[in-house]
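Hello,

Here is the structure we spoke about, with the sequence alongside. My notes on what was found follow below.

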Amino acid sequence: MSFWQILVINFKKLFFYKSKALFLVIPMAILVALGLIIVSETSNIRSAAQGMIVGTVEEQNRVLELSKNPMANLPGGTSTSGGAVRMVSFNADPTQNGYNQKDQDAVSAIAGVQKASILQALNVNQMASSDLFAGKKVSLMSFQGLDSAFASKYTSSDFSYQDGQPIPVILNASGFIEEYEQWNGKQDMEMTFPKAAAINAGSTAASGMVTSGTSATINANGSDGANPFPNQQRAVNFDKNTLIGKVFTVDIGGLQAGQDFSTTPTETGLKFHKYTTEELAATDKKQSDAIAPYWDYAKIKAPISYKFKVVGIVEDGAMSYVPPAALNKIQHDYYQHQIDARTTKAIDKALLGSTFLGQNYDGVSFKQDIFSMMGGGATLSTGMMGSAVAVSSTTTAVAVGGASLGGPPGALTSYTIPGLIISVKRTDSSVQGEIKDLSFLSTVPVIGDTMEIKINSIYDRPAVVEAMNQAGYGFQDNSKTNIFRDLQRNLSLATWGFSLAFVVLSIILIGFVMSKFVSEGKREIGVYRALGMSKDKIRALFFWQALVLTVIGYGVGVLVGIVSIKLISAPMHTWFVDVLGKSIKDAFNVVNPVSNSQFSLIDFATFKIHSVILLVITLVIALIPADTAANTSPIEAMRGE
Amino acid sequence: MIEVKSVTRVYQQGSHKFKALDNVSFVIQKGESLAIEGPSGSGKSTLMHLLGGLDTPTSGEILVEGHNLSKFGDKELSQFRNQAIGFVFQTFNLQSYLTAQQNVAVPLLIAGKSYKVAMARAEVLLQRFGMVDRLKYLPKQMSGGEQQRVAVARALANEPNMILADEPTGNLDKDNANTILAMFDEIIKDGTALVVVTHDSAVSKHCKRTIRIEKGEVVKDKNK
């Protein structure tokens, strides 16, 4: 009897004893379908988790961020990326607190460090965009220059600056704050403080700036109503998916718009008066009269604009990142814009650093004017590092050098000129004059409070961290990426666990069912033996019966598995995003979105291994009942009729 | 020629031994028709199993054309049963999932014939026994008599030297039984030896020789 004849007999048996055959086919199909689903979905979860982070876990763990100069009251708060607690300094003297070239060289020399780079910040007075979010004007957090070697932590896109192309930017979502005014249709508003409250001179209360619903500082204690200040802020809702790739315009510099309302102290609080058109025009004329003799007013008032392209989103910290070459260009343009707007009229030294504030350069350090740092009633606006700040143009509420609010009327009014560089003597800070030649910029020492460090390999991380701490660069390695490794490990365990269960269940299923087939087929065996079928042929008959049934069960199982995977992809995606994805987002700065289709992928490559295991199990296990059948006494078999 | 020489068969059931056959000896000539009679439990079926190579004697020999069956390995015994013997059982023992034609073809397939040849031969045999209309019928679609006719056709598939029939009419009514007996008459005429185990004297009458077995011993061996 040939192999094909044995197969034909088995198929005839299969069709005749359909319900009996299902005893093996159905459980086998379920086992195979479950196997395919589990193998594929664990693979999909693993891929989705990996795909969420930019680059790889290894890449993420190769970048460390070292910082110093802890300062409070920054809207962005703290960053815990890469294990270092990072606070961005504000109003600090970088020559005293920042990292310098020596620090960069020292860290670069540590074994295992591929590159160290001090992050330079863009020193400008303001940045805003009106087309990042349609219909909204948002101020943007300042930019830091980030080498492309480190950008891989935040984006997988090209992070190089090409002249004429939009500048790639890794945007900080913490700064997506829209400012607006709320007058409720009134021209004047009043705010009453509780009696025990005291408003300190120079406090931010004077600015009338409050936030609504954001994490920024709430000014002025004791307000007796919900948010009485005219200036309001609110967070802008955004969708990372639509932002990535967006090209938008940023206006940098220009004269800061003066506050369009006045703030007058009263016996019990503050009174706000919204300027009329005429009053605003008068304020602007006053500003123009002061500035125009020295600068082309229209030119100095206008910002310079650049096109940017979002290549990544960071959701903690305070800074956005651009390529260093772009940062240097913008910085240079910012200063040059002021120089180009200058008229021929010289500025008296007495006016420099008092009426006209800018950035001071003493031959070593390059920082904002000291007057803008004083608590003498000068109003401060938040968020700008290393730059001079806007000063209210109200004459009564603000006075430079004044000790309290409500200085004498007609007090000196100061203007911050974007890009103005004032030369001062390092020893006594005395004003020397304007700087109009920007060639000195290339000699300004590299100073910054944050240093990015890239290590050669994640395996070098512990040794590098140890060396950094030994060298005096304190770094607490609290990497949260363990969550990712734990996930991968758990998924692998789950896959291995299932594989083992698959093997055990397959053995039990095939062994049990086939033994049952043999015990119920004794008469059939006896007859075949009486007709002259040898033991070998009997063995082959039952062996191939097991194999045929297993293959049919396998085929049905694969089909059911494929359909099931397609059906559960949507719920799997929802579960992943809502549960696992959240944990991953917490651990990483930047995450990519995960698509629905990720969970409909079928991992045939891994399932091939299970298929081979199943085949081997079938071959081995089926031999046992087949051998029993072959050795069944024909007389005993026929006696069982 | 088949020679049974001092054959004894003892079965062990736990600690209890049961002697089914005790020192049985006789010869079956080529083309001979032999009825083996005896009461239930006398050893008739045991003797048939030994003659058909389905069992081996505890002592003694069964010689087929001079060859000792006890010395045959599984392959030789299987070949012997396939080529030299045709079995007919009381309960027909057709494979329920094969058609009448396929059931008859099985011994030919076991013998290594192609499917086409085997099915053609099966059709001829079934036609001979008036079963040509039942070629594609499954056993459950046929009556007892029809099934036994198929079984007889199957037994003749490889043109064996001997047919071994164990109570072939035991489950048939009189008419069907007569039909089967008529088939046996034809087989005998063709020169095929027939050994029928039966306790029905009507069946014994169709055989030229009768051996009576009681309590495992041959008590009578008589030619007609």
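**What was found**

B:Arg209 is buried, with a relative accessibility of 8%. Please keep in mind that this is a predicted model. B:Arg209 forms a salt bridge with B:Glu32, and the closest N and O atoms are 3.0 Å apart. B:Glu32 sits in the loop between β2 (16-28) and β3 (33-37) of chain B, while B:Arg209 belongs to strand β9 (residues 209-214) of that chain, so the pair links distant parts of the chain, 177 residues apart. B:Glu32 also counts as buried, at 15% relative accessibility. The cut-off for "buried" is under 20% relative accessible area.

**Other salt bridges**

Over all chains, the structure holds 25 salt bridges. As background, side chains of opposite charge can pair when their charged atoms come close.

One of the bridges joins A:Glu520 and A:Lys20, with 3.3 Å between the closest N and O atoms. A:Glu520 lies in helix α12 of chain A and A:Lys20 in helix α2 (residues 18-52) of chain A, so the bridge ties together parts that are 500 residues apart in sequence. A:Glu520 is partly exposed, with a relative accessible area of 42%, and A:Lys20 is partly exposed too, at 23%.

Another bridge is formed by the side chains of A:Arg234 and A:Glu178, at 3.0 Å from N to O. Here the partners lie in strands: A:Arg234 in β11 (residues 231-235) and A:Glu178 in β9 (residues 177-181) of chain A, so parts 56 residues apart in sequence are tied together. A:Arg234 is partly exposed, at 35% relative accessibility, whereas A:Glu178 is buried, at 10%.

There is also a network of salt bridges that links A:Asp536, A:Arg539, A:Asp627 and B:Lys75.

**Nonpolar cores and a surface patch**

In soluble globular proteins, nonpolar side chains tend to be buried together. The largest nonpolar core in this model has 88 residues, and A:Tyr528, B:Val152 and B:Phe184 have the most contacts inside it. Helix α14 (residues 535-587) of chain A gives the largest share of this core, 10 residues. Which residues does B:Val152 touch, not counting those up to four places away in sequence? They are B:Val88, B:Phe129, B:Ile180, B:Met183, B:Phe184 and B:Ile187.

Some nonpolar residues are at the surface instead. A:Leu500, A:Val504, A:Leu505, A:Ile508 and A:Phe512 make a nonpolar surface patch of about 510 Å². A:Phe512 is found in helix α12 (residues 482-520) of chain A. A:Phe512 is exposed, with a relative accessible area of 57%.

**Chain A as a whole**

Chain A has 16 helices and 21 strands. Of its 641 residues, 51% are buried. Among contacts in chain A between residues at least 6 apart in sequence, 79% join residues at least 24 apart. The accessible surface of chain A is about 27900 Å², and 59% of that belongs to carbon and sulfur atoms.

**Confidence**

The model scores ipTM 0.93 and pTM 0.57. For chain B, the mean pLDDT is 89, and 100% of the residues reach 70 or more. Within chain B, confidence is lowest in helix α7 (residues 201-204), at a mean of 82, and highest in helix α3 (residues 100-110), at 95. Where pLDDT is low, the predicted coordinates should not be read in detail.

Regards

Note on methods: Residues numbered from 1 in each chain as written. Chains lettered and ligands numbered in written order. Predicted model: local features only at pLDDT ≥ 70, side-chain atom pairs only at ≥ 80, totals over all residues. Heavy atoms only, no water. Patch = residues over 30% accessible without salt bridge, like charges linked within 9 Å, V, L, I, M, F, W, Y side chains within 5 Å. Areas by Shrake-Rupley, 256 points an atom, 1.4 Å probe, with all protein chains shown as cover. Salt bridge = Lys/Arg side-chain N within 4 Å of Asp/Glu carboxyl O. Helix = DSSP H or I, 4+ residues; strand = E, 2+ residues; numbered from the N terminus. Buried < 20%, exposed > 50% of the residue type's maximum accessible area, 1.4 Å probe, protein only. Core = buried A, V, L, I, M, F, W, Y, C linked by side-chain atoms within 4.5 Å. Contact = heavy atoms within 4.5 Å. pLDDT = per-residue confidence, 0-100.
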